[in-house]
Number of protein chains: 2
Amino acid sequence: MAELGDIQPDIEDEVYELTRRDVSALLAAVELGDRTLLLELMEPMHAADIADLLEQVSSSERRALIELYGVEFDGEILSELDESLREEVIADLRPEVLAEAVRELESDDVVDLLEDLDAPQQEAIFEALDDADEMVARQAMSYPEDSAGRLMQREVVAAPEHWSVGDAIDFMRNSEDLPEQFYHVVLVDPRMRPIGNITLGRIMGAPRAQPLSELVEELFEVIPVEQDEEDVAYAFKQYHLISAPVVDDEGRLVGVITIDDAMIVLDEEHEEDILRLAGVSEGSLTDRVINTTKRRFPWLAVNLVTAILASLVIAQFDTVISDFVALAVLMPIVASMGGNAGTQSLTVAVRAIATKDLTGSNVWRVIRREVLVGAVNGLIFAVVMGAVCVFFFSPVLGGVIAAAMVINMVVAGLAGTVIPVLLEKMGIDPALASGAFVTTVTDVVGFFAFLGLAAWVLI
Amino acid sequence: MAELGDIQPDIEDEVYELTRRDVSALLAAVELGDRTLLLELMEPMHAADIADLLEQVSSSERRALIELYGVEFDGEILSELDESLREEVIADLRPEVLAEAVRELESDDVVDLLEDLDAPQQEAIFEALDDADEMVARQAMSYPEDSAGRLMQREVVAAPEHWSVGDAIDFMRNSEDLPEQFYHVVLVDPRMRPIGNITLGRIMGAPRAQPLSELVEELFEVIPVEQDEEDVAYAFKQYHLISAPVVDDEGRLVGVITIDDAMIVLDEEHEEDILRLAGVSEGSLTDRVINTTKRRFPWLAVNLVTAILASLVIAQFDTVISDFVALAVLMPIVASMGGNAGTQSLTVAVRAIATKDLTGSNVWRVIRREVLVGAVNGLIFAVVMGAVCVFFFSPVLGGVIAAAMVINMVVAGLAGTVIPVLLEKMGIDPALASGAFVTTVTDVVGFFAFLGLAAWVLI
């Protein structure tokens, strides 16, 4: 435990990780107040790594570092920073540093930044932007939260359908500010409705005289501006999109989403699913104790209720337990095996629902499979546990625990699949709520089957 | 339950999902043996959706569909198909259909396909390729599994450092087969070592006479061919890369990885983490019952051992339990609350390790925070549960359960953070093994603290 602090990850994992040495060197420079050294150390670092660094140090170290770093503070660091820290860091920045930092950002990054801030901080950022950028940002903020409209960049390269390769190249050469990032030219009709995507690679490889319309990509997904970002991310993953045009209600081109933004959404959705499955709502390592405590509280409260429910089942059998105390010793085993089997089934089901692999077409097949898996594993462990009990306790108790185990693991497979599917059907996120329901079922069924059978056989 | 089959997802989730109607219509065409209708229905479908369809139907339906589909079978469907089904589907394809399907694929997709096949099926695919493609595929297979070498495509557009924009455009125009997908031109020195990346967008916007070297992107990550694909995916996500050159031991350019491939790896890693946290090793909905049973077995076996361990703790207190049967009723509550709090902490820790946010620099701060969160929530629930017990049982029992709850939830926060960190340090995947250890700790400590305190106070 004493060396826990200096984790030496194996070589494989060392890649791209901030080392303790990097962090110590930077903090030493901050402590010395040596701005030249600090800038020198930070110069080669990517904004994403600087953001990670700010997340890993304590809040006083963070404030000192930002203060010393001063006007060099890069807007991208704010974009990369964990949402829980943005407010704090923005509050630490001097207004002129903030203004400078924000002006460098692309429109979609500004929007991403604005989303998580309080109204006064939002206003500070709006003020830092020039008029045109401010208008763009305000308009983006008018789209629903977590929608394609918030995710897209407004900078698009569009071309009329009758253009040739040469026309497009000349247009781009003469264009004053092309987007920082673009991979396609979007072909549009006279009403600005996108009719095709052309990768830059194809334009590059084609003669100047060739019409753009001959180079259009086969697959073409158009994203409605109100679409949920989760569905956007799914489309990018499923159809291997690199960029996709975003359209308004009338089908007119209003922006473009690129795969790097979709990848971040995909990553966030995953994070959310993992944490929700464990009963932890969004949050991060940099949250304060009080916030984290609050966030974990609801799930623990639900768990307390379900645990009390299970203990009420036990209470029904208090006389038989006081006569046969072995029941108290053995009963948690039945509940625990059911709980684990149920968690396995529900995790698979929740994932399959999220990836749209579990649908109306195969739900019955999946349920049947989970029940069968529960039955087979239940039988195997019933034999093992039954034998142990016959040896240490009695044949009767061996039979009872074996039967209860099979029952509970079959129920676990059933509940682990049916509960997430039903929750999804009712519009409740199955990742969030399934765990509580499934473990309640397996606890109650486990205790009831075991103690009930025991009472019936032993009395 | 009767309508479980016709899940009507809310509108939001309907997007991009195969509807039951689509599936039924296709299966009806297969049943009728109506090839024209089948082709008509499948014509607008993306290969990824066809693969999903094949995953969702039963294996006899799958075989009939593939048989009727015949020579139209698209190689990309194989790429998109879940690994567990590839072998089966490839075995169902007639050799000439397989050969045709595979020849259409890009080199990285062929390699992805080869990876999961048995040697005879691999040979069948090698034979289907022409000599040049076969050589490329065999060489890629010589790189370690899950390495950048397996992930990359060999088709790269490279340019000498002295070229101008015009040189590059002319080269691409005259090039016979440009890669299907490319977003950068890689600038190389005379020994083919990459020295910079230029996005096509910048080339497009620049005059013909401008030297390429003036357009080079600031950030430039070069991926070693042996690097683990997990680290590759991390680099793409962290640094917002779109494509990155891959180099051999001598630093020479051997291929390029694009973000769409990195996104798939990221997705797979997440999937693996979620499933491992629930004690389910990789697998899919289409696996047979026997395979799924086998895969879930080890974790359940571990759980049985830990449950028995916990019950041995209970057995030490059998006399006090038979005197005070309320202890048997209440003890699962203490263990369950600890188990849940521990799972919350460990999930956060496992995720933070995976995203390189939990490192040597902040490990002590995180441990302190988790312990504090455990203590605060422990105190709150101790008061609640203590009060309940004072009311229904006795003040003494209320005090005992309150004390045990605080102890167990503090231990949960500690174990939930320290165990994943130590496992990672020992080179064991924390996602895989943490759960078993942490729940063992919380069960044992929970039962021991509660029953031990009770025995001490009550006897």
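In chain A, strands β5(A) and β6(A) form a hairpin with five residues between them, and Gly251(A) in the turn has a positive phi of about 80 degrees. The model is predicted: local features need pLDDT of at least 70 and side-chain atom pairs count only at pLDDT 80 or more, whereas totals for chains, interfaces and linings use all residues. Residues are numbered from 1 along each chain as its sequence is written, while chains are lettered from A and ligands numbered from 1 in the order in which they are written.

**The sheet of chain A**

Strand β5 (residues 243-247) of chain A runs antiparallel to β6(A), and five bridges join the two. Strands count as paired if DSSP finds at least two bridges between them. Within this pair, Pro245(A) stands opposite Val256(A) in β6(A).

Strand β6 (residues 253-258) of chain A has six of its six residues buried, so the rest of the structure largely encloses it. A residue is termed buried if 20 or more other C-beta atoms, placed from the backbone, lie within 10 Å of its own; it is exposed if 12 or fewer do, and partly exposed in between.

The loop between α15 (229-239) and β5 of chain A contains His240(A). This residue has a positive phi of about 50 degrees although it is not a glycine, and His240(A) counts as buried, with 22 C-beta neighbours inside 10 Å.

**Chain A as a whole**

Chain A has 22 helices and six strands. Its radius of gyration is 29 Å, well over the 23 Å that the globule rule gives for 459 residues, so chain A is more spread out than a compact globule. This radius is taken over C-alpha atoms, and the rule is 2.2 Å times the number of residues to the power 0.38. Along the principal axes, the C-alpha atoms of chain A fill a box of roughly 90 × 60 × 45 Å. Of its 459 residues, 51% count as buried.

An automatic or database domain assignment divides chain A into domain 1 (4-142), domain 2 (158-277) and domain 3 (289-458). The centres of domain 1 and domain 2 of chain A, taken over C-alpha atoms, are separated by 30 Å.

**The two chains together**

The contact between the chains takes 113 residues from chain A and 115 residues from chain B. On the side of chain A that touches chain B there are 61 nonpolar, 28 polar and 24 charged residues. Two residues are in contact if their C-beta atoms, placed from the backbone, lie within 7 Å. In the class count, Ala, Val, Leu, Ile, Met, Phe, Trp, Tyr, Cys and Pro are nonpolar, Asp, Glu, Lys and Arg are charged, and the others, Gly among them, are polar. Of the interface residues of chain A, 99% are also interface residues in chain B, so the copies meet through the same surface.

**Local features with positive phi**

| Residue | Location | Phi |
|---|---|---|
| Gly251(A) | turn of the β5(A) and β6(A) hairpin | about 80 degrees |
| Met192(B) | hairpin of β2(B) and β3(B) | near 65 degrees |

In chain B, strand β2 (residues 184-188) is joined to β3(B) by five bridges, and the two run antiparallel. Leu187(B) stands opposite Gly196(B) in β3(B). Strand β3 (residues 194-199) of chain B is mostly covered, with five of its six residues buried.

Note on methods: Helices (H or I, at least four residues) and strands (E, at least two) are DSSP runs, numbered from the N terminus.
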